[in-house]
Amino acid sequence: MTHLDSSIHQLKESLIEMHRLVRMQVSKCRDAYARFDTDLAREVISNEKHINALELKIDRDCENMLALFNPVAVDLRFILAALKINTNLERTSDNAEGIARYVLDLGKPFSEEIQKDYEVEEMFRVAIGMVDDATEAFIHEDTALARKVFQKDDLLDAINRKATQTTLRYIAENRPDSLHYLNTMSIIRKLERVGDQTKNVGEEIIFYIEAKVLKHGSPNQ
Amino acid sequence: MIESMVSANSGNAILNSDKQHMDYKIKTKKVDVFYGDNHVIKGVSMDILPNSVTAFIGPSGCGKSTFLRLLNRMNDYIEGFRKDGEILIDDQDIYDRRVRVEELRKKVGMVFQKPNPFPKTIYENVVYGMRIQGINKKEVLDEVVERSLISAALWDEVKDDLKKSALALSGGQQQRLCIARALATEPSVLLMDEPASALDPISTAKIEELIYKLKEQYTIIIVTHNMQQAGRVSDNTGFFYMGDLVEYGPTKDIFTNPQNQRTQNYITGRFG
């Protein structure tokens, strides 16, 4: 194994660790929301600093590898993809932290009716499934699995669009529990962003393995 | 260029050009080279655009320097040398019997790995080719020296010392002097065989900058073992391996998404 191979292997291990931590953040904020577990919500907020530190370490590793090894071809694509995957995972964790803050902000359990109307549970299920698929796709360099992430993102987009209609209906009904549904809609928005970020991760996995650019509907796809 | 390359009594056939493919400066068609029984270049076809820099890369012994030297017939006198296939420059077969090799070499200049100035003054090094052609008029030679040294980015450093021995120059300056000497005969193609491999990083940077500027006027082909140099200076790259041209295309494609696994293995340092 060359020095570059060894560095790339370590970088991949760091990114797998990042995937694992971010997945745990999203999973914990779901539980904090569903069970109104404020301790868990605070844990998610506290964990964010570990994620930030790991993000900085991965950025620094990538910078060093670019400076020291002048990588080309698949090595270059991997490092470029690693930088973007790292950024997207950190932002996913930011969104998990944001959800945890909405839980604390409400200060009481979210109305079950609202949870059901906004399909929050389904939104979490799909978003966590996407993170899992992206992680597996990254570990096993499985571009078919990475592409599955894109289909699941469509589900999140559909639920997100319905959320706007639900909110409009609630406003028209002049419901008294406005903070419940406004915070819930904000959570839906954050989960929709998680979907977008995970989709970006999938695109980067395909970029480094197949050298295809999928983002923005690029003609290169 | 070809009219001057062909001997005066050549027939018109050699002047006929294939208009359809005039876009390419150099075309090689199924070129094979043998040294005795040793098959060193295997069916290489390659088109090279004018005013571009093309890099040949590959491990030692892959045939890249042999292929480069084919382009100004420097292999002709190697024992057992035999070539099949066509090599066209400006649509003219440079191996046509009517082509005069010395005229070809005026038009296809060569710069070698190690700076090889003659033990003469800077001035005499530059005008050496002109004097061989019988040109001795001072005004003409003065103009050639200034033009060539300016083109080789050496004029400002030596203009007050033209009578100084070329051997007193630094390695990087000597190499630029050799480039000036190659430019003096007004070639349209410049071949460079690892022109910076014996130089320090600053001299290397100057040569690379020079290559970038020279391509406005010349078609340049460079053999290099330095992957980063190929990436920095060339528009197109050809990867040779065991006499085969394995992959040839835009440098940015070769270095980001090579299509052949052998190319990828070589440029990423995982060869063999």
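**Salt bridges, overall.** I started with the total: the structure holds 39 salt bridges over all chains. My rule for a salt bridge was a side-chain nitrogen of Lys or Arg within 4 Å of a carboxyl oxygen of Asp or Glu.

**Ground rules.** This is a predicted model, where local features need pLDDT of at least 70 and side-chain atom pairs count only at pLDDT 80 or more, while totals for chains, interfaces and linings use all residues. I number residues from 1 along each chain as its sequence is written, letter chains from A and number ligands from 1 in the order in which they are written, and take side-chain values from heavy atoms, with hydrogens and water left out.

Which residue does A:Arg35 form a salt bridge with? It is A:Asp37, with the closest N and O atoms 3.8 Å apart. I then checked accessibility, calling a residue buried under 20% relative accessible area, exposed over 50% and partly exposed in between (1.4 Å probe, protein chains only). A:Arg35 counts as exposed because its relative accessibility is 53%. A:Asp37 has a relative accessible area of 23%, so I logged A:Asp37 as partly exposed. The pair also belongs to a network of salt bridges that links A:Arg30, A:Asp31, A:Arg35 and A:Asp37.

**A pair inside one helix.** In chain B I looked at B:Arg147, which forms a salt bridge with B:Glu143; the closest N and O atoms are 3.6 Å apart. Both residues lie in helix H5 (residues 138-151) of chain B, 4 residues apart, about one turn of the helix. For element names I use DSSP runs numbered from the N terminus: helices are H or I with at least four residues, strands are E with at least two. B:Arg147 comes out partly exposed because its relative accessibility is 23%. B:Glu143 is partly exposed too, with a relative accessible area of 44%.

**B:Asp156 and B:Lys159.** These two form a salt bridge whose closest N and O atoms are 3.9 Å apart. Buried or exposed: what is B:Asp156? B:Asp156 is exposed, because its relative accessible area is 63%. B:Lys159, at 38%, is partly exposed.

**Where A meets B.** I counted contacts next (heavy atoms within 4.5 Å). On that count 12 residues of chain A are in contact with 10 residues of chain B. The size of an interface is often given as the accessible area lost when the parts come together. Here chain A and chain B bury about 830 Å² between them, and 49% of it is on carbon and sulfur atoms. That area is the accessible area (1.4 Å probe) that two parts lose on being put together, summed over both. A:Asn70, A:Val72 and A:Ala73 supply 45% of what chain A buries against chain B, more than any other three residues.

How many salt bridges are there between chain A and chain B? The count is 2. I noted the one between the side chains of A:Asp5 and B:Arg270, at 2.5 Å, N to O.

On the side of chain A that touches chain B, helix H1 (3-35) and helix H3 (73-106) each supply at least two residues. H3(A) gives the most to that side, with 5 residues.

**B:Thr54.** I found B:Thr54 in strand S3 (residues 53-57) of chain B. At 0% relative accessibility, B:Thr54 counts as buried. Leaving out residues up to four places away in sequence, B:Thr54 touches B:Ile48, B:Ile220, B:Ile221, B:Ile222, B:Ser234, B:Asn236 and B:Tyr248.

**Cysteines.** A:Cys62 is buried at 0% relative accessibility, and B:Cys178 is buried at 4%.

**Positive phi.** Most residues other than glycine have a negative phi. A:Ala211 has a phi near 60 degrees, a positive value, and sits in the segment after helix H7 (178-210) of chain A. Its relative accessible area is 13%, so I logged A:Ala211 as buried. B:Met242 has a positive phi of about 50 degrees, in the loop between strand S9 (236-241) and strand S10 (244-250) of chain B.
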